[in-house]
Amino acid sequence: MVEEFSFARIARLRLGLHVLVVVLALIVLLRAVLLSEASAGWIGALTAAFLVVYIVGAGSLRAPVARFAWLGSLCAVWVAMALLGADAAYVSFGLILLFMTEVPLIPAVSAVAAITLVNALIGVLTRGQWGGALVGSLLGAVVGVVIGLGFRVLFHETERRQQLIEDLHHTRSELAKTERAAGELAERERLAREIHDTVAQGLSSIEMLLHAAEAEILPPGAEGKIVMARRTASAGLADTRRLIAALSPADLAGSSLVDALSRVCERAAAGTCDIRLLVEGPAVSLPMPVESALVRLGQGAVANVMRHADAHRAVVTLTYGPDAVHLDVVDDGHGFDVAILDDSSTHNFGLKAMQARVEQLSGQWTIESEPGHTAMSVTFPLAHQQEEQQ
């Protein structure tokens, strides 16, 4: 609704300017006819030429060179009309309005000064009156510049509002896409965690219990059924793990955690910041929720470095320790005040979401920052995670 109003307002302003210029040109012809001037026929022809050139170029010419050529042609027709004795000051007023609205300000003012000078000289040559010609030309120029500036401000303000509206629509669209994508990812990860913590854990326990039952003395015929039940549980567990993998982040699909983080760094390194991945310690198997969280945290931290830090170098370090896995992201950007994390009025949803993700999986999250150094550190205890995985 607002967008349609902006377009309609610009169209009305332009139409009003066009009508004014056309009316001013017709006034010159009308005065020549009513005053029975000797060159009324030629003035009529030149007025028609002026209107044709104006109408052809008013809505179709957008290139600066073409616009100047169009305005130059109109000025040439105006000079010819004035030299024939027409009262062409009306047309010169319309030309001043056109220059003030169609070209940049400095060239427009220069063109207005030239039109005023030519207008005064023609007045002196045709009427021999220095005072009247000079005062009339200056007065017309001043009024034309004031009105032209008014049109200019209205056009600029309307176009600025239109640009703001377009930017708002674009931002809302991008925000909606981002929120939708974030919601989908969060739901996929939630489902993966739920399936892992319920179905997968249950099937794993059933498989181990059946495996233990096979070692005991069983009634005749029971061993075959237990073996079949264990194999069924094992097949179900494999299917469940494939489902969890399908719900995991795309970077983790069919690859290890190191490969996933490596792809995150490679994509980011295509920009102006040099981002490297370091892996320390022998890799160990981690539960899918933890691997998924590490990938998401790495993506979020690297994205913050690229968008906000203005850094030249960054290092992502994945460390497998004896009792914990660590993810550290360090950059040499301009840093920020970490106190904003405790300020509810600031927009730091991304950082708070990262912190909540870590705490949800019983991990530890710290961040420190100063000019030239920002470090985010995440730690997940391995013993606790390995117990959950079993």
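**Helix pairs and the mixed sheet of the predicted model**

Helices α3 and α4 are roughly antiparallel to each other, a description applied to angles over 145 degrees, whereas angles under 35 degrees count as roughly parallel, 65 to 115 as roughly perpendicular and the rest as oblique. The structure is a predicted model, in which local features need pLDDT of at least 70 and side-chain atom pairs count only at pLDDT 80 or more, while totals for chains, interfaces and linings use all residues. Residues are numbered from 1 along each chain as its sequence is written, and side-chain values use heavy atoms, with hydrogens and water left out.

Helices (H or I, at least four residues) and strands (E, at least two) are DSSP runs numbered from the N terminus. The axes of α3 and α4 (residues 89–102) come within 10 Å and cross at roughly 170°; axes are lines fitted to C-alpha atoms, for helices over the stretch in contact, and angles run from 0 to 180 degrees between N-to-C directions. In this pair, Arg67, Trp70, Leu71, Leu74, Cys75, Trp78 and Met81 of α3 meet Val91, Ser92, Leu95, Leu98, Phe99 and Glu102 of α4, contact meaning heavy atoms within 4.5 Å. By class, the residues of this contact divide into 10 nonpolar, 1 polar and 2 charged; Ala, Val, Leu, Ile, Met, Phe, Trp, Tyr, Cys and Pro count as nonpolar, Asp, Glu, Lys and Arg as charged, and the others, Gly among them, as polar.

Helix α3 (residues 64–83) also pairs with α2 (residues 40–58): their axes come within 10 Å and cross at roughly 170°. Helices α2 and α3 are therefore roughly antiparallel to each other. Residues of α2 in this contact include Phe50 and Tyr54, and those of α3 include Trp70 and Leu74. The contact of α2 with α3 comprises 10 nonpolar, 3 polar and 1 charged residues.

An open sheet of 5 strands has the order β1-β2-β3-β5-β4, with mixed pairing. Its edge strands are β1 (274–280) and β4, each of which pairs on one side only; two strands pair if DSSP finds at least two bridges between them. On average, neighbouring strands of this sheet are turned by 10° against each other, direction ignored. Helix α8 (residues 257–268) packs on the sheet and touches β1, β2 (313–320) and β3 (324–331), its direction making about 165° with that of β1. Helix α9 (residues 288–309) lies across β1, β2, β3 and β5 and runs at about 10° to β3.

Strands β1 and β2 run parallel and are joined by 7 bridges, with Arg276 opposite Val315 in β2. Strands β3 and β5 run antiparallel and are joined by 8 bridges; here Asp331 stands opposite Thr374 in β5. Antiparallel pairing also links β4 to β5 (residues 373–381), through 7 bridges, and Glu368 stands opposite Ala375 in β5. Strands β4 and β5 form a hairpin with 2 residues between them, and Gly372 in the turn has a positive phi of about 90°.

Ser369 lies in β4 (residues 364–370). The side chains of Ser369 and Thr374 are joined by a polar contact of 2.8 Å, such a contact being a pair of N or O atoms within 3.5 Å; within protein, one must be able to donate a hydrogen and the other to accept it, and residues adjacent in sequence count only if both atoms are side-chain atoms. The side chain of Ser369 also reaches the backbone nitrogen of Phe336 at 2.9 Å. Not counting residues up to four places away in sequence, Ser369 touches Gly335, Phe336, Val338 and Thr374.
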